[in-house]
Amino acid sequence: MEQVIAAEGASTEEAIEKALKDLGESREDVEIEVLSENEEEVGVKVKLAIKDKRVSRGIGFLKDVLREMKIEAVVNPIEEEDHILINIEGEGLGPLIGRHGQTLDALQFLLNTVANKGAFHRKLIILDIEKYRVRKKKSLEELARKMAEKATATGRAVTLRPMTAYERKIVHTVLHDYLDIETMSDGEEPYRRVTIYPKHENVKS
């Protein structure tokens with residue numbers, strides 16, 4: 001929930017300064033709305049809301065990381081209703097992705113920690129690098145469909161390799177509407193796996 005405060009003053013400027021003092025924020029960090037303006041009769045009433053700093057904090061964190069690693073890249077944020085997507089584009093970004101995206105996942109965890117610090121409500125920030133997650137999602141969807149066909153054809157459960165929570169969610173989602181199989185996650189992190197079970201009375205073990 002954003003922090004909002006209303007204040008009154010003999011002038012617009014006085015009302016704004018009073019609200020800024022109460023919030024403890026500077027003018028560039030707030031959005032100002034004048035609610036009523038009749039200085040001669042009732043004075044001025046304004047409403048100030050602190051701007052969402054998660055994007056700026058997140059971008060600042062990522063630029064610090066890129067600078068320390070001496071990597072030149074562009075950081076592009078896109079704000080959606082339920083999450084924020086930040087994509088990094090540039091050359092030589094492989095070390096930021098890592099094996100099976102493990103470094104990317106770790107960087108996303110740190111990014112969410114830094115950007116959401118002090119926020120009343122956390123907002124998920126998804127970090128992508130050179131559209132790695134888009135390609136990964138497509139690959140996992142194809143794998144899930146192929147293994148579902150195998151489970152159905154053989155009548156045997158198929159267990160996939162250990163996956164991150166993000167990867168497992170993709171598999172569960174893409175197979176959710178399949179009527180002849182069901183999926184379950186088993187095991188402890190970081191070895192938690194998805195198993196695809198055929199819905200068959202005589203399932204072979």
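Helices (H or I, at least four residues) and strands (E, at least two) are, in my entries, DSSP runs numbered from the N terminus. I am working with a predicted model, so I note that local features need pLDDT of at least 70 and side-chain atom pairs count only at pLDDT 80 or more, while totals for chains, interfaces and linings use all residues. Residues are numbered from 1 along each chain as its sequence is written, and side-chain values use heavy atoms, with hydrogens and water left out.

**Entry 1: the second largest pocket**

I started with the open spaces. For me a pocket is an open set of points, on a 1 Å grid over the protein atoms alone, with protein on both sides within 12 Å along at least five of seven lines; a cavity is a set of points where a 1.4 Å probe fits but cannot get out, and lining residues have an atom within 4 Å of a point. Grid points are joined across faces, edges and corners, and a volume is the space filled by probe spheres set on the points.

The second largest pocket comes out at about 400 Å³. I found 14 residues lining this pocket, and the closest to its centre are Ile126, Lys137, Tyr166, Lys169 and Ile170. Two or more lining residues come from each of β6, α5 and α6 (165-174). Which element gives the most to this lining? It is α6, with five residues.

The largest cavity has a volume of about 50 Å³. Its lining is made up of His100, Asp105, Tyr132, Arg133, Lys136, Thr164, Tyr166 and Glu167. Here α5 and α6 are the elements that give two or more residues, and the largest share, three residues, comes from α5.

I count two strands as paired if DSSP finds at least two bridges between them. On that basis β4, β5 and β6 form an open three-stranded sheet in the order β4-β5-β6, with mixed pairing. Because β4 and β6 stand at the edges with a single partner strand each, one side of each has no neighbour in the sheet. Neighbouring strands are turned by 20° against each other on average, direction ignored.

I then went through the pairs. β4 and β5 run antiparallel and are joined by seven bridges, with a hairpin of three residues leading from β4 to β5. Ile78 stands opposite Leu85 in β5. β5 and β6, in turn, pair in the parallel sense over six bridges. Asn87 has Asp128 of β6 as its bridge partner, and Ile86 stands opposite Leu127 in β6. Helix α2 packs on this sheet and touches β4, β5 and β6, its direction making about 160° with that of β4; axes here are lines fitted to C-alpha atoms, for helices over the stretch in contact, and angles run from 0 to 180 degrees between N-to-C directions.

**Entry 2: a look at Ala73**

Ala73 sits in strand β4 (residues 73-79). Is Ala73 buried or partly exposed? It counts as partly exposed because its relative accessibility is 27%; buried means under 20% relative accessible area, exposed over 50%, and partly exposed in between (1.4 Å probe, protein chains only). Setting aside neighbours within four places in sequence, I see Ala73 in contact (heavy atoms within 4.5 Å) with Leu66, Ile88, Glu89, Gly90 and Leu93. Glu91 is 18 residues away from Ala73 in sequence, with 7.0 Å between the C-alpha atoms.

**Entry 3: the cores**

A nonpolar core is a set of buried Ala, Val, Leu, Ile, Met, Phe, Trp, Tyr and Cys residues joined through side-chain atoms within 4.5 Å. The largest one has 22 residues, and Leu62, Ile86, Leu96 and Leu127 touch the most other members. Two or more core residues come from each of α2 (54-68), β5 (83-90), α3 (94-97), α4 (102-115) and β6 (124-129). The largest share is that of α2, with six residues. I also noted a second, separate core of 15 residues, including Leu140, Ala144, Met163 and Val174.

What does Leu96 contact beyond its neighbours within four places in sequence? I listed Val65, Leu66, Met69, Ile71, Thr103, Leu104, Leu107 and Ile129.

**Entry 4: the antiparallel sheet**

My last stop was the open sheet of three strands in the order β7-β9-β8, with antiparallel pairing. Its edge strands are β7 (158-159) and β8 (181-186), each pairing on one side only. β7 pairs with β9 (residues 193-198) over two bridges, and Thr159 stands opposite Thr195 in β9. Helix α5 (residues 132-154) lies across β7, β8 and β9, at about 40° to β9.
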